Amino acid sequence: AFQSYGQYVYDKISEEERKEILQHSCPGPGACGGMYTANTMATAIEALGMSLPYSSSSPADSQEKRDECFRAGAAMKNLLEKDIKPRDIMTKSAFENAIRMVMMTGGSTNAVLHLIAMSRSCQDPEVAITLDDFQRISDVTPFLADLKPSGKYVMEDVQNIGGTPGMIKFLIDNGMFDGDQMTVTGKTHSENLAEMNHPGLTPGQEIIRPLSDPIKKTGHLQIMFGNLCPGGGVAKITGKEGETFTGTARVYDNEQLMLRGIENKEIKCG
């Protein structure tokens, strides 16, 4: 759907063809299946501890999602009885868990904006994360998930191999995730996994690569500084399109001006 807009603007497809693509690009309820903003933030929030296990990977029209809606009420009652507040869950280490999940799964650049904003909402300088935290974690976290838009699979495929809890267990088992952080169940990630008797990711699955064979040895999100972004910027470098680029930059001050530039065919190949 995103690509069809550019193809339409540059006269590669007709308006009728574009409408046909749009009408068939979302075949069912729920978010688009790849690691775009919705699934990125859903998995990050589950890794943060602020949603129930499997919340981010169970399909919108599944029985698992309906069951989760019932469990949410019991979970809220439990949190009230134990006086567990969001601030008890949203620690600096919990945010680092969320960033780690984003890096492993090839998540959206929007995670940088949203997670920084969420950490600032805690109003505690010890919790607030920065661009430097993203770069630090990216430098030591491999990109492993073969998920769209850069890969082959979608979130429902992840659910079928163990779901987001399976990915969390994978990270814990490999020393890349703090399983002792509290979650909205009133228990830690490790306790949740033990209670579920979660076996981990399905043996032989091809969606999450082994550490010995990553898609990219370090994270796909890279923080940039320089004359184009003195306050910092973020780029998604999956490695599939190369890890460096040299060329002339076409700079716009905001997204609306950039879209207008595309519509006016100001962007030329090469």
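Q: What covers the buried residues of H8?
A: The cover over the buried residues of H8 includes H6, H7 and S1. Helices (H or I, at least four residues) and strands (E, at least two) are DSSP runs, numbered from the N terminus. Please keep in mind that this is a predicted model, in which local features need pLDDT of at least 70 and side-chain atom pairs count only at pLDDT 80 or more, while totals for chains, interfaces and linings use all residues. Residues are numbered from 1 along each chain as its sequence is written, and side-chain values use heavy atoms, with hydrogens and water left out.

Q: And how many residues of H8 are buried?
A: Six of the eight residues in H8 are buried, so the helix is mostly covered. They are Leu131, Asp133, Phe134, Gln135, Ile137 and Ser138. Buried here means under 20% relative accessible area, exposed means over 50%, and partly exposed lies in between (1.4 Å probe, protein chains only).

Q: Where does Thr141 lie?
A: Thr141 lies in the loop between helix H8 (131–138) and helix H9 (155–159). With a relative accessible area of 0%, Thr141 is buried.

Q: Which backbone oxygen does the side chain of Thr141 reach?
A: The side chain of Thr141 reaches the backbone oxygen of Ile137 at 2.7 Å, and Ile137 is one of the buried residues of H8.

Q: What else is Thr141 in contact with, leaving aside neighbours within four places in sequence?
A: With those neighbours left aside, Thr141 is in contact with Arg100, Met103, Met104, Lys217, Thr218 and Gly219, where contact means heavy atoms within 4.5 Å.

Q: What does S1 pair with?
A: S1 is joined by four bridges to strand S2 (residues 233–236), and the two run antiparallel; two strands pair if DSSP finds at least two bridges between them. Within S2, Gly233 is the bridge partner of Met224.

Q: Back to H6: how does helix H6 pack with helix H10?
A: Helix H6 (residues 92–105) and helix H10 (residues 163–173) pack at an angle of about 100°, and their axes are 11 Å apart. That makes H6 roughly perpendicular to H10. On the H6 side the contact is made by Arg100, Met101, Met104 and Thr105, and on the H10 side by Thr164, Met167, Ile168, Phe170 and Leu171. Axes are lines fitted to C-alpha atoms, for helices over the stretch in contact, and angles run from 0 to 180 degrees between N-to-C directions. Angles under 35 degrees count as roughly parallel, over 145 as roughly antiparallel, 65 to 115 as roughly perpendicular and the rest as oblique.

Q: What about Ser108, is that residue buried or exposed?
A: Ser108, which lies in the loop between H6 and helix H7 (110–121), counts as buried because its relative accessibility is 8%. Not counting residues up to four places away in sequence, Ser108 touches Met35, Tyr36, Thr37, Thr40, Val102, Leu221 and Lys236.

Definitions and conventions
A polar contact is a pair of N or O atoms within 3.5 Å; within protein, one must be able to donate a hydrogen and the other to accept it, and residues adjacent in sequence count only if both atoms are side-chain atoms.
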